[in-house]
Amino acid sequence: MPEKKLVDASNSRILKSLEKIVGKNFVTDRIEERYYYSSDPSAEESCTPKFVVMPGTVEEIQEILRLANREKIPVTPRAGGLTLSGLAIPYGGGILLDLKRMDKIIEVNEDSMYAVVECGVTTGQLKTFLEDNYPNLWFCQPHAPQSVGVISNAIIYGAGQISLGQGVSSDMVNGLEVVLPTGEVIRTGSCALGKSWFTKYCLPDFMGLFLGWFGATGIITKASIQLWPKPSIRDAMFYKIDRVEDTVEILLKLTKSEACEDIYINSWTGTSTKRFYTPEKPEGMPEITMDVILSGKSQEELDLKKRKVGEIIEKALEEGVKVEEFEAPLLLKIGMLMVPQPLAFMDLMLGGGAEYLGCYIPTEAMGTAYKKGVEIAKRYGFQYLHVARPFRTGHVTGIMYAFPFDKKNPEMVEKLLNVLKEICDMAINLGGVPWKPSPTVQKVVLEHADPEFVNLMKKIKTLLDPNGIMAPGQWGL
Ligand SMILES: Cc1cc2nc3c(=O)[nH]c(=O)nc-3n(C[C@H](O)[C@H](O)[C@H](O)COP(=O)(O)OP(=O)(O)OC[C@H]3O[C@@H](n4cnc5c(N)ncnc54)[C@H](O)[C@@H]3O)c2cc1C
């Protein structure tokens, strides 16, 4: 049954105002269009916006936010809406700002290696543009569907194929242009001086007012994203490992060797050869497979790196670590070397649900975080599916706990929310920080946080967003 069209006077007045700002074609209050934005595959509750608006310019965003402020209407920004943790669900209803129309790649500077992009530019779009025009450069690209936003990935500390060497995507932002909730436009980074977007050095850095806030402090309209030299040759090596402790030993050595482009630690449930949804580990299956990706500018460089990895593994074997190299099927190797990689584990259970909580933890804590994650998942009757990846030469390791689930089963949804809360609590107790936590998990994070840290968050929020219109529900603000 279609929902009755909104008829109350204020709604039609606001609809008219929004139409005046963006044009009739780019605003809707029709339920069939609003419904699409009301949820995502995560276990978070849905909420339908009253209006969906697709602005085309910075000025239109300014006008929309001024209107929202006058009328005290919540505003939630969204690019791809694919974080799988409810970060773009429009809690509080109000206006869902779909940013996809703002899709210009404004500048690519080949010498200083950056691209200035608008907030609707997708990872697929930037990838194709670079391949066509600057084939020697690439950027930190998540293995997410290519309809996700470049800027939204940077906002949430997302990770990509160069994160082991260069850090996560938020480390690679040179500057931002932001429409504040009250409608002013600010710039931070060298672009604040008006001439170039090449660096975030050396002014006071306001990037932190917008990264990690999930849209609660303003709408980022442009960003300068670092580009990096693209290697000409890449290859992958594959290992079976039975014990998590052995994996950590190897990981600590491999990361410091700086020989690898990327490293994946996959639980048997999500191994690189096959994805499993079965309660028992198949006979002969190792607990973990480790995929090591190597790259270089020449065959000689690649061979040198392969030798280095081989030596580390040899030494580990001598020290009693159990690890075995194996030849992966060609198709798997090709898949592993694709950017983004095809990931086929989120739809293993019917019912449309998929959520994964990442936790950034100290690399040495990875083994414990892995085992405790298994315990928690098993206790609630879920099959575990863990993937861990070290970032920034091993300064950090991200461990992702992935759960396909049946969204139509309320009991299962409730259980999953408990699993995610427990995993969050466990990871924080191991010194970790949850990555892209859902609103449910954010509450657990804030319970652990220093009260003065939380107070400062509240003060900043009130300063930037005095009427509390932006992304209600995120960080409980
Ligand atoms: C199969 C699969 C694989 C994945 N693999 C990876 C991976 O390898 N690495 C990785 O990092 N992630 C991965 N992800 C997670 C996720 O898809 C990505 O992190 C992606 O970058 C999210 O982008 P989005 O455009 O969907 O974000 P959205 O959900 O649209 O936005 C994210 C948050 O930012 C806010 N926001 C969006 N745009 C703006 C703006 N302009 N200004 C202010 N706030 C804004 C939103 O309100 C929301 O809170 C994966 C997801 C899937 C489904």
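This is a predicted model: local features need pLDDT of at least 70, side-chain atom pairs count only at pLDDT 80 or more; totals for chains, interfaces and linings use all residues.

Trainee: Okay. How many helices and strands does the protein chain have?

Mentor: There are 13 helices and 19 strands.

Trainee: And what radius of gyration does the protein chain have?

Mentor: It is 23 Å. A compact globule of 477 residues would come out near 23 Å, so the two agree. Along the principal axes, the C-alpha atoms fill a box of roughly 75 × 55 × 45 Å.

Trainee: What share of the residues count as buried?

Mentor: 45% of the 477 residues. Look at contact range as well. Take the contacts with a separation of 6 or more: 70% of them come from residues 24 or more positions apart.

Trainee: How is the protein chain divided into domains?

Mentor: Into four named pieces: domain 1 (9-98 + 467-476), domain 2 (105-229), domain 3 (233-337) and domain 4 (352-437).

Trainee: Now the ligand. How many residues surround it?

Mentor: The count is 33. The closest are Gly 80, Pro 142, Asn 153, Gly 158 and Gly 215.

Trainee: Which element gives the most?

Mentor: That's α5, with four residues.

Trainee: Which domains does the shell draw at least three residues from?

Mentor: Domain 1 and domain 2 each supply at least three.

Trainee: Let's look at that pair, then. How many residues of domain 1 are in contact with domain 2?

Mentor: 19 residues of domain 1, and they meet 23 residues of domain 2. On the domain 1 side, α3 (58-71) and β3 each supply at least two residues. The largest share comes from α3, with six. By class, that side divides into 12 nonpolar, six polar and one charged.

Trainee: And how far apart are the C-alpha centres of the two domains?

Mentor: 23 Å for domain 1 and domain 2.

Trainee: Tell me about α3 itself. How far does it reach, first C-alpha to last?

Mentor: 20 Å, over 14 residues. That is close to the 20 Å expected at 1.5 Å a residue.

Trainee: Which residues of α3 are buried?

Mentor: Glu 60, Ile 61, Gln 62, Ile 64, Leu 65 and Ala 68. Following α3 comes Lys 72, and its phi is positive, near 55°.

Trainee: Is Phe 214 buried or exposed?

Mentor: Buried, because it has 28 C-beta neighbours inside 10 Å, and the cut-off is 20 or more.

Mentor: Arg 392 is another non-glycine with positive phi, about 45°. Arg 392 is in the loop between β17 (386-391) and β18 (396-406). With 16 other C-beta atoms within 10 Å, Arg 392 counts as partly exposed.

Trainee: What about cis peptides? Which residue does a cis bond join to Tyr 201?

Mentor: Cys 202, with omega about -5°. Cys 202 lies in the loop between β9 (185-189) and β10. Val 339 and Pro 340 are also joined by a cis bond, with omega about 0°. Pro 340 lies in the loop between α9 (330-337) and β16 (352-361).

Trainee: Last one: Val 173. Which strand is it in?

Mentor: Strand β8, residues 173-179. Val 173 is buried, because 22 other C-beta atoms lie within 10 Å.

Trainee: Which residues is Val 173 in contact with, leaving aside its neighbours within four places?

Mentor: Ala 154, Lys 200, Met 207, Ala 223, Ser 224 and Ile 225.

Trainee: And how far is Val 173 from Tyr 114 in space?

Mentor: 9.0 Å, C-alpha to C-alpha, while the two are 59 residues apart in sequence.

Note on methods. Residues are numbered from 1 along each chain as its sequence is written. A residue is near a molecule or strand if its C-beta atom, placed from the backbone, lies within 6 Å of it. Domain bounds come from an automatic or database domain assignment. Two residues are in contact if their C-beta atoms, placed from the backbone, lie within 7 Å. Ala, Val, Leu, Ile, Met, Phe, Trp, Tyr, Cys and Pro count as nonpolar, Asp, Glu, Lys and Arg as charged, and the others, Gly among them, as polar. The expected span of a helix is 1.5 Å times one less than its number of residues. A residue is buried if 20 or more other C-beta atoms lie within 10 Å of its own, exposed if 12 or fewer, and partly exposed in between; C-beta atoms are placed from the backbone. The radius of gyration is taken over C-alpha atoms; the globule rule is 2.2 Å times the number of residues to the power 0.38.
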